[in-house]
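Visitor: I am new to this structure and would like to learn how to read it. Could you take me through some features one at a time?

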Amino acid sequence: MQHPELPPQRQDSAVIRWQEIRTAVNRAAEDSGRNAENVTLIAVSKTYPMAAIVPVIAAGQRVFGENYVQEALEKWSGQRQTMPELELHMIGPLQSNKARDAVSLFDVIHTLDRPSLAAALASAFSKSERRPKLLVQVNTGEEPQKAGIAPSDLAAFLGLCRETHGLSIAGLTCIPPADEPPSPHFAFLRDLAKHHGLPLLSMGMSADYEQAIMLGATHVRIGSAIFGARG
Ligand SMILES: *Cc1c(COP(=O)(O)O)cnc(C)c1O
């Protein structure tokens, strides 16, 4: 007979899912002949309250992704003070007027997607000692509504970042079109990064991270598969 007052599950459900995803990430890396240490799992914590995130930190996760600068500052500034090994990634669209705040908080910015933002980041760098790594977002599907540099403009944009603004670019990011198989986009991004000598590849989300890892992702961005569906 079921007892109506059974204690709640001892293990936090997000922690259980996080452990499963870590296992799957490591397996996908090993299956494709890669060292699992070269694939970073970014736990995307946007919209989830710190109370939902703390158990995952306690379990050992140190790398988190956020989409909104203001939300990220409110959630993470305090944690940063007590946990210097935290690594914070900006994965959402970045407004130029938030570039200074983003540089002050984040370790990696995945969404450098236009010339005006390159200028704003260069200006923020000139006023700060911090140097977050920068990834250029590429609109691999050439979708008109989606942010990112068109593939045919990438070479010129990388030149602008380096030569005009003195920014060094560490890698590329993509978000494939929702209605297409993602693998051709991941392979395309990998080839672009290789062509330009860029080591980091941010690609793969909850539904497709295993394919992304097979195709060379160094950073996968996983939210709902860890924290549950957003309300
Ligand atoms: C929200 C978001 C994610 C995580 O998406 P899930 O479907 O929750 O895994 C990954 N990448 C970007 C750019 C996002 O905005």
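Visitor: Let me begin with one side chain: is Arg-80 buried or exposed?

Guide: Buried means under 20% relative accessible area, exposed means over 50%, and partly exposed lies in between, with a 1.4 Å probe and protein chains only. Arg-80 has a relative accessible area of 17%, so Arg-80 is buried. A word on the source: this is a predicted model, where local features need pLDDT of at least 70 and side-chain atom pairs count only at pLDDT 80 or more, while totals for chains, interfaces and linings use all residues. Residues are numbered from 1 along each chain as its sequence is written, and side-chain values use heavy atoms, with hydrogens and water left out.

Visitor: Which residue meets Arg-80 in a salt bridge?

Guide: Side chains of opposite charge can pair when their charged atoms come close. The term salt bridge needs a side-chain nitrogen of Lys or Arg within 4 Å of a carboxyl oxygen of Asp or Glu. Here the partner of Arg-80 is Asp-107, at 2.6 Å from N to O. This pair links distant parts of the chain, 27 residues apart: Arg-80 sits in helix α3, and Asp-107 in the loop between α4 (99–105) and β4. Helices (H or I, at least four residues) and strands (E, at least two) are DSSP runs, numbered from the N terminus. With a relative accessible area of 23%, Asp-107 is partly exposed.

Visitor: How many salt bridges does a search of the whole structure find?

Guide: The search finds eight. One of them joins Arg-62 and Glu-85, whose closest N and O atoms are 3.4 Å apart. Another salt bridge pairs Glu-143 with Lys-146 at 2.9 Å; Glu-143 is buried, at 14%. Through shared partners, salt bridges also join Glu-66, Glu-71 and Lys-75 into one network.

Visitor: Which residues have the most contacts inside the largest nonpolar core?

Guide: In soluble globular proteins, nonpolar side chains tend to be buried together. A nonpolar core is a set of buried Ala, Val, Leu, Ile, Met, Phe, Trp, Tyr and Cys residues joined through side-chain atoms within 4.5 Å. The largest one here has 70 residues, and Phe-64, Trp-76, Leu-112 and Val-136 have the most contacts inside it. Helix α1 (residues 13–31) gives the largest share of this core, eight residues.

Visitor: What is Trp-76 in contact with, leaving aside its neighbours within four places in sequence?

Guide: Contact means heavy atoms within 4.5 Å. The partners of Trp-76 include Met-50, Ile-53, Phe-64, Glu-66 and Leu-105.
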